[in-house]
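Please look through the model with me before we discuss it.

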Amino acid sequence: MSKNAISPELLKKYLEGNCNAEEVEQVEQWYAALNAGDANPREFDQNRHLKKVQEIVNLKTGAEMQPELPDNVRYFVPGFWRYVAAAILLIVSGLGFYFYRHTAKPAQELAAQATSIVNTQKQVIRHQLPDGSKVWLNPNAAIRYADNAFSETSRTVSIEGEAFFEVTKDPARPFFVKSNSLLVKVLGTSFNVKSNSDQSRYEVSVVTGKVSVSAPDGQGQEKSVLLLPRQQAVFEVSSGLLTSTELSNSRERVDPWQPISLTFEDEKLSEIAVRLQKKYGIKIKLANPNLANCRLKATFDHNRLAEILEITTQMVEATYEMRGDSIVIDGEGCRNAE
């Protein structure tokens, strides 16, 4: 397959999560063809792949689109190659798992016929489920599902940790998320589940649609609550108490999994970090002072924090990682052109 054997329509479908299993395989094989000469895929090096991808994208967008760019100004690539760059970022974020699933299959996995993905990275990763639904896994989160979990009557996955779901609508096949004591049932919606086994409370927060959350109470009886957008279910592990509350509707801050729209016009990365801190109420640190000199022109339309960070750091040839309640961005940075 040639490096150009992909259509913008297919990439757009992939980004929107509307591809079927065959189309997802086609996009991933296209990406694999970009790296045909690489070493053993089991020795996956994300930074090396990102640099190679950037060279490919720049080759198609460079001289004719950016004739005299200062070396500290980076643009969000438009048009077809914007789809290329964004699609590759989504593939790379889970590429280690893709190679694992298509190469090394331990005997116990073959026996169980199940998919198990654990986010061992310090970044949020995105995974597309067999029905086209999408899940973003926080560091240390895991998702598991059997090969027959996506049947003609239902869809079922299990998670541990924190994850955000965008579920493809399919009224004939309800979508179930099992997480420790919680059972979440949806038909098509977006929501966040926070269920760490070492914490005293679990949370389910709804962004769009309608979600049913159930859990056993102190006497072992099943209790349930129905959630609408901007509502949250809280389950207290020790008492078995399950309650629903309204999420605060702050004008300034949003949760990291809430989509926002932002435009950066020739802004320094340090200024962008400040804007993201205020918007999401998080801490963002630049490990290298030279990163503050990098300037970006980019428009993010209805994107989440993980997507903004992934694309922004790719534009300045940097990486990010989550350390507790902080996000640290690291890279060589840019020379100060002022």
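This is a predicted model: local features need pLDDT of at least 70, side-chain atom pairs count only at pLDDT 80 or more; totals for chains, interfaces and linings use all residues.

1. The protein has 338 residues, and 48% of them are buried. Its secondary structure consists of eight helices and 19 strands.

2. The accessible surface is about 16,800 Å², and carbon and sulfur atoms account for 48% of that surface. Take the contacts between residues at least 6 apart in sequence: 53% of these join residues at least 24 apart.

3. Which way does strand 7 run relative to strand 6, parallel or antiparallel? Strand 7 (residues 175-179) runs parallel to strand 6, and four bridges join the two. Ser-158 has Lys-178 in strand 7 as its bridge partner. Strand 9 (residues 190-195) pairs with strand 6 in the antiparallel sense over six bridges. Gly-161 is bridged to Ser-195 in strand 9.

4. Now the aromatic rings. The structure has eight aromatic pairs. One of them is Phe-150 with Phe-175, an edge-to-face pair with 6.4 Å between centres and 65° between planes. Phe-150 sits in the loop between strand 5 and strand 6, while Phe-175 is in strand 7, so the pair links distant parts of the chain, 25 residues apart. Both residues are buried.

5. Phe-264 and Phe-300 form another edge-to-face pair, 5.9 Å from centre to centre with 65° between the planes. Because Phe-264 is in strand 15 (residues 260-268) and Phe-300 in strand 17 (residues 295-303), this pair ties together parts 36 residues apart in sequence. Phe-264 and Phe-300 are both buried.

6. Which residues make up the aromatic cluster? Tyr-145, Phe-150, Phe-165, Phe-175 and Phe-191 form one cluster. Elsewhere, the charged end of Arg-304 sits over the ring of Trp-136, 5.0 Å from the ring centre.

7. Gln-128 belongs to strand 3 (residues 125-128). Why does Gln-128 count as buried? Its relative accessibility is 14%, and buried means under 20%. The Gln-128 side chain makes a polar contact of 3.3 Å with the side chain of Arg-126.

Methods
Residues are numbered from 1 along each chain as its sequence is written. Side-chain values use heavy atoms; hydrogens and water are left out. Two strands pair if DSSP finds at least two bridges between them. Buried means under 20% relative accessible area, exposed over 50%, partly exposed in between (1.4 Å probe, protein chains only). Contact means heavy atoms within 4.5 Å. Accessible areas come from the Shrake-Rupley method with a 1.4 Å probe; for residues, only the protein chains shown count as cover. A polar contact is a pair of N or O atoms within 3.5 Å; within protein, one must be able to donate a hydrogen and the other to accept it, and residues adjacent in sequence count only if both atoms are side-chain atoms. Rings of Phe, Tyr and Trp (its six-membered ring) pair if their centres lie within 6.5 Å; planes under 30 degrees apart count as stacked, over 60 as edge-to-face and the rest as tilted. A charge sits over a ring if NZ of Lys or CZ of Arg is within 6 Å of the ring centre and within 35 degrees of the ring normal.
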